[in-house]
Amino acid sequence: MPSAEVRNKGMVEGLNGIGYAAVMLGERELAAGYEKFKQLEATAEFPFVSANIVFENTTEPIVAPSVVQTVSKGEEEIRVGFLGLNRYNTAFIKGTDDGRNIVVVSPFETARRLVPELREKVDVLVVLTSLSISQSRQLARDVEGIDAVIGASSGVLSLDNDQSAGVPIIYTGNQGKYLSEFRVFTADGPGIRESSRRHHYLNRDYPSEPVMHELVSRVLAEENDINREMARADAP
C-alpha cells in the first residue's frame, strides 16, 4: 500500500538519523515486493540482516545473514556480530520480477549452521529476531555460542532478568514505547562477562527530539493524505 511505503521510507530516514548499526529485515519491508524493498535498502545507511529469508531456488539469503561491527574499549576493539533470524512462516511467499520466490526457512536449522561460523569471527554474538520469546529461550538453550538475543514479537516486554541457559533475552514491547538499555561487560576472551538491562518507558518525562518529531509528524501527515484520497476514491 502507498501509505506503508511512506512509513517504511520514514522509518529508514529515522534510523539513519539515529545511527543504527544493524536492522533485522522483516516481512513488512517486503510487503510492497522485493523490488520496492531494494529501492528502500539503497537509502539505508545501515545493513539489513536476515539469515533465513531466502530465495527458494538457491536458499541464498536476500540480504546479508549477519554483520560484524567494531566498538572501542580503550585501545582494544571489540567485534560485535549481529545475526538476523525471522520467525518461521510457512505461509510467507513473495515473487520477484525475474520469476523467483522468496520464502522463510527454519530459524533453528539456520542458527545451528551459522552461529559456529560467526562465533569464530566475533567477541560478542547477538541474535536479532522476531521469534516468540519462548522460541528465543529455546534457541538459546539449543544453539551454543549466542551471547544475547534481542527480539520483538507481539508487543512482548521481557523482564529485566529474563535469560535462558545464561543468555540474556531482551524484548522491547511495541510501537517504540520503550527504549531498552543493554550494557555489556566483556571478558578477556570471547563472550560476555557480565551484563545489565533496563527498560525506559518513554512517557512525557522524555522530551521529543526536534528533528525526529518533525519527521514523525511529516510521515503521519503524508499517510493521512494518502488514506483520505483512497477513501474518497472508494466512496460509493
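Contacts between residues 24 or more positions apart make up 55% of the contacts in the protein that have a separation of 6 or more. The model from which this value is computed is a predicted one. Its secondary structure comprises 5 helices and 13 strands. For 236 residues, a compact globule would have a radius of gyration near 18 Å, and the 19 Å of the protein agrees with that expectation. The C-alpha trace spans about 65 × 50 × 35 Å along its principal axes. Of the 236 residues, 40% count as buried, while the accessible surface amounts to about 13,700 Å², 50% of it belonging to carbon and sulfur atoms.

The largest nonpolar core has 21 residues, and the members that touch the most others are Leu83, Leu85, Val115, Leu125, Val127, Leu139 and Ile146. Two or more residues are given to this core by each of strand E5 (76-85), helix H3 (107-119), strand E8 (124-129), helix H4 (133-142) and strand E11 (167-171). Helix H3 supplies the largest share, 5 residues. Isoleucine 146 illustrates how such elements meet. Beyond its neighbours within four places in sequence, isoleucine 146 is in contact with Val115, Leu125, Val127, Leu139 and Val167. Apart from this core lies another, of 18 residues, which includes Leu25, Leu30, Phe48 and Val104.

The structure holds 4 aromatic pairs. In one of these, the rings of phenylalanine 37 and phenylalanine 48 have centres 5.3 Å apart and planes at 75 degrees, so the pair is edge-to-face; the angle exceeds the cut-off for that class, which is over 60 degrees. Phenylalanine 37 belongs to helix H2 (residues 34-42) and phenylalanine 48 to strand E2 (residues 48-49), so the pair ties together parts that are 11 residues apart in sequence. Both phenylalanine 37 and phenylalanine 48 are buried. Another arrangement involving a ring is found at phenylalanine 55, where arginine 100 lies over the face of the ring, at 4.0 Å from its centre.

Leaving out residues up to four places away in sequence, serine 153 touches Ser130, Leu131, Ser132 and Tyr171. Serine 154 is placed in the loop between E9 and E10 as well, yet serine 154 is exposed, because its relative accessible area is 76% and the cut-off for exposure is over 50%. Serine 154 and alanine 91 are 63 residues apart along the chain, and their C-alpha atoms are separated by 18 Å.

Most residues other than glycine have a negative phi. Alanine 165, although not a glycine, has a positive phi of about 55 degrees. Alanine 165 is found in the loop between E10 and E11 and counts as exposed, because its relative accessibility is 62%. Glutamine 175 likewise is a residue other than glycine with a positive phi, in this case near 60 degrees. The position of glutamine 175 is in the loop between E11 and strand E12 (178-186). At 68% relative accessibility, glutamine 175 also counts as exposed.

Aspartate 234 counts as exposed, because its relative accessibility is 64%. Between aspartate 234 and glutamine 69, which are 165 residues apart in sequence, the distance in space is 48 Å from C-alpha to C-alpha.

Note on methods
Residues are numbered from 1 along each chain as its sequence is written. This is a predicted model: local features need pLDDT of at least 70, side-chain atom pairs count only at pLDDT 80 or more; totals for chains, interfaces and linings use all residues. Side-chain values use heavy atoms; hydrogens and water are left out. A nonpolar core is a set of buried Ala, Val, Leu, Ile, Met, Phe, Trp, Tyr and Cys residues joined through side-chain atoms within 4.5 Å. Buried means under 20% relative accessible area, exposed over 50%, partly exposed in between (1.4 Å probe, protein chains only). Helices (H or I, at least four residues) and strands (E, at least two) are DSSP runs, numbered from the N terminus. Contact means heavy atoms within 4.5 Å. Rings of Phe, Tyr and Trp (its six-membered ring) pair if their centres lie within 6.5 Å; planes under 30 degrees apart count as stacked, over 60 as edge-to-face and the rest as tilted. A charge sits over a ring if NZ of Lys or CZ of Arg is within 6 Å of the ring centre and within 35 degrees of the ring normal. The radius of gyration is taken over C-alpha atoms; the globule rule is 2.2 Å times the number of residues to the power 0.38. Accessible areas come from the Shrake-Rupley method with a 1.4 Å probe; for residues, only the protein chains shown count as cover.
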